[in-house]
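Work through these exercises with the model open beside you. Try each task before you read its solution.

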Amino acid sequence: MAITYRETWELKRRIEGLTIEKQDFTLIDLNAPICTAVHFINCIFDRTRFGDARLYGCDFTNCQFKRVDLTEATIGAHGGVFTSCIFDTCNFRKGYFYRPEFVECRFQQCKLNQIDFKASSFAHCQFIGKLKDVTFHGKYNSDLTVGAKPNRMHNVDFSEAILQEVDFRDCQLDTCTLPDNTKLHHT
């Protein structure tokens, strides 16, 4: 059974090198936390305010995110893996994605507007709902993404997605499932 927290965290609370397991963060304002090398396992984030968070090298395994505010969050700086996570109606607008890996994750009805996934990688993931002004990269190099592996876009399902102004740069999409009648901007 998950432990449930009900308090607002202090501004920019720093958490480092912990494993947090079976925690329920429903309705908590995490108040722009700075997490470094934290592993979240089987945690619930429901209507959690995670906006402006800094997630440096953090891993999330079997976590549920429902109606979570992740606006302007920094995700995947120094790496980090999201495995078997569900993102349901989450707000990722203006998020900063550096080099997170997403494996067996589902993004359904999320606000994915003005997102550049930079050196993010996706395998066996599904997108449901609208993606607008979103860029996926097969390769992306910068000082902030050193060590990122190529984004193979392996087995990514967009069949139930609405793609508007979505750019797949240097991406191989041969194992992806795309929506019917989709015109790709493929550079």
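**Exercise 1. Find the bridge partner of D116 in β19.**

Solution. This is a predicted model. Start at D116. Its bridge partner in β19 is T135. Now widen the view to the strands. β17 and β19 pair in the parallel sense, over 4 bridges.

**Exercise 2. Is T135 buried or exposed? Which residues does T135 contact, beyond its neighbours within four places in sequence?**

Solution. Next, take its relative accessibility, which is 11%. The cut-off for buried is under 20%. Therefore T135 counts as buried. Last, list the contacts. Neighbours within four places are left aside, and T135 touches I115, D116, F117, D167 and R169.

**Exercise 3. Which strands pair with β19, and in what sense?**

Solution. Take the strands one by one.

- Strand β16 (residues 106-108) runs parallel to β19, and 3 bridges join them. Here Q108 has I128 as its bridge partner in β19.
- β17 pairs with β19 over 4 bridges, in the parallel sense.
- Strand β20 (residues 157-169) pairs with β19 over 10 bridges, also in the parallel sense. Here K130 has I162 as its bridge partner in β20.

Now ask how enclosed β19 is. Of its 12 residues, 9 are buried, so β19 is largely enclosed by the rest of the structure.

**Exercise 4. Classify the aromatic pair of F117 and F136. Which parts does the pair tie together?**

Solution. Read the geometry first. The ring centres are 4.9 Å apart, with 20° between the planes. Planes under 30 degrees apart count as stacked. So this pair is stacked.

Then locate each ring. F117 sits in the loop between β17 (112-116) and β18 (121-123), and F136 in strand β19 (residues 126-137), so the pair ties together parts 19 residues apart in sequence. Finish with burial. F117 is buried at 1% relative accessibility. F136 is buried too, with a relative accessible area of 0%.

**Exercise 5. Where is D24, and which side chain does its own side chain contact?**

Solution. Locate D24: it is in strand β4 (residues 23-24). Check burial next. The relative accessible area of D24 is 13%, so D24 is buried. Then look for a polar partner. The side chain of D24 makes a polar contact with the side chain of T26, at 2.5 Å. Finally, compare D24 with T175. The two are 151 residues apart in sequence, and 35 Å apart in space, C-alpha to C-alpha.

Notes: Residues numbered from 1 in each chain as written. Predicted model: local features only at pLDDT ≥ 70, side-chain atom pairs only at ≥ 80, totals over all residues. Heavy atoms only, no water. Phe/Tyr/Trp six-rings, centres within 6.5 Å; stacked < 30°, edge-to-face > 60°. Helix = DSSP H or I, 4+ residues; strand = E, 2+ residues; numbered from the N terminus. Buried < 20%, exposed > 50% of the residue type's maximum accessible area, 1.4 Å probe, protein only. Contact = heavy atoms within 4.5 Å. Polar contact = N/O pair within 3.5 Å; in protein donor to acceptor, adjacent residues only side chain to side chain. Pairing = 2+ DSSP bridges.
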